[in-house]
Amino acid sequence: MIGSIAAILTTFAFLPQVFRVVKTKDTGSIALGMYVMQVIGIALWLAHGIRIGDLPLILANSVSFLFSGIILFYKLKYKNMSMKMIQPYYERKSPVFELI
């Protein structure tokens, strides 16, 4: 039970960051090296889960790999764009934007 709760929380912890990155395209505060290592680490955990046939490990790491892979993709795609180039797509001074 505790392991399942931990798997759900750590897997879906990426979701708010995925929503923010997809919405704003702002990846300036995300360290590329960290996400490269994160995605590789998750891929290795997924491979290990497949190798030993552990379904919960496979499912949790498949979802984590997808979410962290999306963030890494956006980091690589928009790494040369500044916020000034991205911000015209939404209001710059919106109080909601400041909270995100």
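This is a short tour of the model above, stop by stop.

**Before you start**

The model is predicted, so local features are given where pLDDT is at least 70, side-chain atom pairs count only at pLDDT 80 or more, and totals for chains, interfaces and linings use all residues. Residues are numbered from 1 along each chain as its sequence is written, and side-chain values use heavy atoms, with hydrogens and water left out.

**Stop 1: the whole chain**

Show the protein chain as a cartoon. It has 6 helices and 0 strands. Helices (H or I, at least four residues) and strands (E, at least two) are DSSP runs, numbered from the N terminus. Follow the sequence and the pattern reads α-α-α-α-α-α.

Of the 100 residues in the protein chain, 30% are buried. Buried means under 20% relative accessible area, exposed means over 50%, and partly exposed is in between, with a 1.4 Å probe and protein chains only.

Now think about contacts, meaning heavy atoms within 4.5 Å. Take the contacts in the protein chain with a separation of 6 or more: residues 24 or more positions apart account for 67% of them.

**Stop 2: Ser-64 in helix α4**

Select Ser-64. It sits in helix α4, residues 55–77. Is Ser-64 buried or exposed? Ser-64 is buried, because its relative accessible area is 6%. Set aside its neighbours within four places in sequence, and Ser-64 is in contact with Thr-10, Thr-11, Phe-14, Ile-42 and Gly-69.

**Stop 3**

Axes are lines fitted to C-alpha atoms, for helices over the stretch in contact, and angles run from 0 to 180 degrees between N-to-C directions. Angles under 35 degrees count as roughly parallel, over 145 as roughly antiparallel, 65 to 115 as roughly perpendicular and the rest as oblique.

The crossing of α1 with α4 is left-handed. A crossing is left-handed if the near helix is turned anticlockwise from the far one by less than a right angle, and right-handed if clockwise.

Show the side chains. On the α1 side, pick Ala-7, Thr-10, Thr-11 and Phe-12. They meet Ala-60, Val-63, Ser-64 and Phe-67 in α4. The residues of this contact of α1 with α4 divide into 5 nonpolar, 3 polar and no charged. Here Ala, Val, Leu, Ile, Met, Phe, Trp, Tyr, Cys and Pro count as nonpolar, Asp, Glu, Lys and Arg as charged, and the others, Gly among them, as polar.

**Stop 4: α2 against α4**

The axes of α2 and α4 come within 9 Å and cross at roughly 30°. α2 and α4 are therefore roughly parallel to each other. α2 passes α4 in a left-handed crossing. Which residues make the contact? Leu-15, Gln-17, Val-18, Val-21 and Val-22 come from α2, and Phe-67, Ile-70, Ile-71 and Tyr-74 come from α4. The contact of α2 with α4 has 8 nonpolar, 1 polar and no charged residues.

**Stop 5: the loop at Lys-25**

Move on to Lys-25, in the loop between α2 (15–24) and α3. Check its backbone angle. Lys-25 is not a glycine, yet its phi is positive, about 65°. Lys-25 is partly exposed, because its relative accessible area is 23%.

**Stop 6: α3 against α4**

Select helix α3, residues 32–52, together with α4. They pack at an angle of about 155°, with their axes 9 Å apart. That makes α3 roughly antiparallel to α4. The crossing of α3 and α4 is left-handed. The contact of α3 with α4 has 16 nonpolar, 8 polar and 1 charged residues.

**Stop 7: two residues in α3**

Pick Leu-46, which lies in helix α3. Leu-46 counts as buried because its relative accessibility is 16%. Not counting residues up to four places away in sequence, Leu-46 touches Ile-58, Asn-61 and Ser-62. Leu-46 and Leu-59 are 13 residues apart in sequence and 8.2 Å apart in space, C-alpha to C-alpha.

Next, select His-48, also in helix α3. His-48 is partly exposed, with a relative accessible area of 31%. The C-alpha atoms of His-48 and Asn-61 are separated by 10.0 Å.

**Stop 8: the rings**

Finish with Phe-73, Tyr-74 and Tyr-78, which ring pairs link into a cluster. Rings of Phe, Tyr and Trp (its six-membered ring) pair if their centres lie within 6.5 Å. By this rule the count comes to 3 aromatic pairs.

Note on methods
Phe/Tyr/Trp six-rings, centres within 6.5 Å; stacked < 30°, edge-to-face > 60°.
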